[in-house]
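Today I'm looking up a few spots in one protein model.

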Amino acid sequence: MIPVFNHYMAYKERHNRFTEWWMTVIDWSSRHIKQRTLVIILSLAVGVIVGLAAQLLKFLIHLISHALTSHVITYGANYLYLIYPVIGIVLTTLFVRFVVKDNISHGVTRVLFAISRRKSRLKPRNMYASLVASSITIGFGGSVGAEGPIVFTGAAIGSNIGQAFRLSPKLLMILCGCGAAAGIAGIFRAPIAGMLFTLEVLMIDFTGATVMPLLISSITGATVAYVLEGYDSEFFFSQSEPFFTRKIPYSILLGIVCGFISLYFTRMMNMMENFFSLINQRWLKISIGGIALAILIFLMPPLYGEGYEAINQLLDGDVASVMDGSPFYLERNDFLMITLFIGAVILTKVIATSCTNGAGGVGGTFAPSLFVGALCGFLFAFILNHFGVGGDISNKNFALMGMAGVMAGVMHAPLMAIFLTAEMTGGYNLFLPLLIVSTLSYMTIRLFEPYSIYTMRLAKQGDLLTHQKDKSVLTLLKVDSLIEREFREVHPEMTLKEMVDIVAQSNRNLFPVTDSEGMLKGIVLLDDIRNIMFRPDLYKKMHVSRFMSRPPACIEITEPMEKVMETFDKTNAWNLPVVDNGKYIGFVSKSKIFNSYRSVLRHYCDE
């Protein structure tokens with residue numbers, strides 16, 4: 001026991017020395033480095049670290065996937081596809097449950113929640129948990145993407161570096177965005193798209209204080225990727241056919257189709273999440289999701305993993321290879337079979353993604369949206385060409401345009417989709433049709449779905465931080481921090497004399513009426529009793545229950561501030577009681593909300 005104790009004491013002493021040294025570093029930096037300069041320096045460090053993390057994630061995924069699939073046959077069914085995904089989900093579940101001990105699914109949504117409700121603070125374990133879990137999930141065939149996990153990982157790295165330097169929540173939010181931007185830039189080698197992802201999806205305001213750090217992190221993350229991987233694009237695309245203006249009507253039609261495919265993707269994802277949320281038993285989730293995923297991958301091997309190989313095959317014009325490894329291999333040159341196969345893959349990809357995450361896997365919806373978009377654009381052109389509509393339409397070009405279209409619709413981020421598609425493939429010559437398809441897809445889905453696949457979960461709970469500054473600031477305010485509790489309580493059985501005595505001791509003109517258990521029964525306004533306060537003959541005859549009134553509305557302590565302000569607007573009241581399941585807590589006033597609003601607005605919008 002003595003050696004163990006000595007080892008522990010030595011460790012504690014080293015930890016104390018490191019803490020003292022680190023506090024000295026922080027004190028020196030606070031005295032000699034301006035905050036804005038410090039954020040620039042830290043954004044560079046975040047870009048390097050997250051860029052390396054993105055490369056590590058890609059390496060682990062490819063290592064596991066290659067080890068499992070390098071020996072599979074391409075000319076028929078592969079029964080190993082019935083086993084791999086289930087094993088991956090089980091391993092991921094065990095890792096998350098016994099090592100991470102936290103819910104790390106829906107990485108982008110959790111980053112949004114941290115920015116909205118946790119002052120941009122993420123736990124240290126989030127810097128590695130998603131990276132390890134997603135590499136296992138995807139490597140074993142989980143039909144999800146690595147982009148959500150690397151965004152979560154990058155944001156956690158930025159948040160924890162900022163917390164180490166004792167930065168304010170405003171600056172922590174910027175560093176969270178820097179980590180997310182570097183993650184996208186590093187995994188796709190797309191620096192502009194990384195920055196736009198943070199601005200459009202994470203919804204961090206476009207200001208001088210945010211753009212420069214985001215740009216530095218994005219460029220740094222992409223530079224790390226270029227140094228380690230070379231300068232080739234993520235997807236190989238060679239534009240063999242130019243895009244003519246006479247094809248614009250078909251681009252418009254493709255944009256609308258992509259919008260409806262995005263709507264299907266979003267609604268089906270939401271429906272499947274609700275289905276899995278109703279299953280309380282962990283192993284039942286694994287069984288249902290894992291078996292369904294395995295069957296889908298066995299029938300349609302392009303659903304295995306991220307699906308980037310199938311995208312490259314389509315961009316290379318090799319549609320027949322997409323059916324490699326499937327039971328339908330012998331029919332891969334038949335038009336009807338190709339159409340049905342690719343159509344089925346488009347419709348079932350979102351189901352496979354939902355089954356992966358619902359069963360316990362960890363991954364994002366970024367890659368699935370790219371995958372569905374590529375197949376959607378290709379199938380659109382493939383069918384038109386078969387029936388001779390519109391002349392010779394390039395399958396490759398429309399596959400590329402479909403990638404941007406579905407991503408723009410699912411993410412509600414048209415600019416990010418345009419630049420990401422162009423940067424990943426080098427398809428800058430198709431910038432005009434990419435603009436058309438992405439914009440129309442986004443406009444189409446907005447008619448039916450106001451929130452993206454990431455933000456809809458938080459929007460339902462009132463936890464969403466948006467671009468609109470009024471709603472952004474309201475999400476940062478909480479009812480319990482605005483409650484005024486100095487109101488004197490009265491009870492229904494009190495006489496008017498007792499009521500007058502309490503009025504004399506109070507400096508407020510509003511009095512909550514509660515029963516013996518503290519439940520709110522009503523309120524008494526001073527104006528309502530002013531005409532009888534000075535009539536001694538009524539002091540013992542009248543009781544509070546006679547002249548109390550119902551409040552215009554009651555506010556539950558858990559209500560979001562946006563809903564609270566809607567209640568104030570509907571009632572035209574200046575003070576409303578706050579209750580917790582009917583039990584009186586205090587009052588909240590519109591004036592105090594406005595004062596707090598102005599204070600938070602100055603703090604978070606100061607450049």
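Predicted model: local features only at pLDDT ≥ 70, side-chain atom pairs only at ≥ 80, totals over all residues.

I started with Asn126, which counts as buried because its relative accessibility is 3% (buried means under 20% relative accessible area, exposed over 50%, partly exposed in between, with a 1.4 Å probe and protein chains only). Asn126 sits in the loop between helix 4 (107-117) and helix 5 (129-139). Helices here are DSSP runs of H or I with at least four residues, numbered from the N terminus. Leaving out residues up to four places away in sequence, I found Asn126 touching Asp102, Ile104, Phe152, Thr153 and Ala156 (contact means heavy atoms within 4.5 Å).

Residues are numbered from 1 along each chain as its sequence is written, and side-chain values use heavy atoms, without hydrogens and water.

Next I looked up the largest nonpolar core, which has 141 residues; Phe188, Phe197, Phe366 and Met416 touch the most other members. Such a core is a set of buried Ala, Val, Leu, Ile, Met, Phe, Trp, Tyr and Cys residues joined through side-chain atoms within 4.5 Å. Helix 14 (residues 366-386) gives the most to this core, with 14 residues.

Which residues does Phe197 contact, leaving aside neighbours within four places in sequence? I noted Val108, Val151, Ala180, Ile184, Leu202, Phe366 and Met416. Apart from this core I found another, of 19 residues, among them Ile529, Ile532, Leu538 and Phe547.

Key. Helix = DSSP H or I, 4+ residues; strand = E, 2+ residues; numbered from the N terminus.
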